[in-house]
Amino acid sequence: MKRNILIKGLLVGAMFSVSALADMTVDKSAGILTITSSTNGKVTAKVIGPNDKVIVNERYEGNSFTWTPSGEDGTYRYNVRVEGDYAGGTVEVRDGQISKEEE
């Protein structure tokens with residue numbers, strides 16, 4: 001009986017985890033990086049610039065993250081989570097604009 005209850009609990013937990021997944025969209029235009037999730041949640045966003053300097057490290061409630069490059073040129077890494085959803089990659093910044101996108 002206890003084993004049956006445990007299995008049911010695990011199945012319900014697994015179903016909840018799958019249904020909680022969202023879709024992330026990443027838009028990299030010349031001057032802005034926008035990442036949007038199809039669901040709201042706790043946003044954790046980090047942007048790491050040249051020389052591994054942390055440029056952005058934010059946590060807030062919502063479904064999107066927007067970053068406009070400012071500062072030195074170079075390669076910037078980004079990692080954004082909205083609850084269980086994740087998007088990450090790099091962008092190349094030249095003259096304050098996103099000039100080349102890399103995944």
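This is a predicted model: local features need pLDDT of at least 70, side-chain atom pairs count only at pLDDT 80 or more; totals for chains, interfaces and linings use all residues.
Student: Nice. How do strand 1 and strand 2 run, parallel or antiparallel?

Tutor: Strand 1 and strand 2 run antiparallel, with 5 bridges joining them.

Student: Got it. And where does Thr25 lie?

Tutor: Thr25 is in strand 1, which covers residues 24–28.

Student: Which residues does Thr25 touch, leaving out those up to four places away in sequence?

Tutor: With those set aside, Thr25 touches Thr34, Ile35 and Thr36.

Student: What about Ala87, how far is its C-alpha from that of Thr25?

Tutor: The two C-alpha atoms are 8.1 Å apart, although Thr25 and Ala87 are separated by 62 residues along the chain.

Student: Back to Thr36 then. What's its bridge partner in strand 3?

Tutor: That would be Ser64. Strand 2 (residues 33–48) and strand 3 (residues 54–67) pair in the antiparallel sense, with 12 bridges between them.

Student: And how many residues sit between strand 2 and strand 3?

Tutor: There are 5 residues between them, and the two strands form a hairpin. In that turn, take a look at Asn51: its phi is positive, at about 65 degrees.

Conventions. Residues are numbered from 1 along each chain as its sequence is written. Side-chain values use heavy atoms; hydrogens and water are left out. Helices (H or I, at least four residues) and strands (E, at least two) are DSSP runs, numbered from the N terminus. Contact means heavy atoms within 4.5 Å. Two strands pair if DSSP finds at least two bridges between them.
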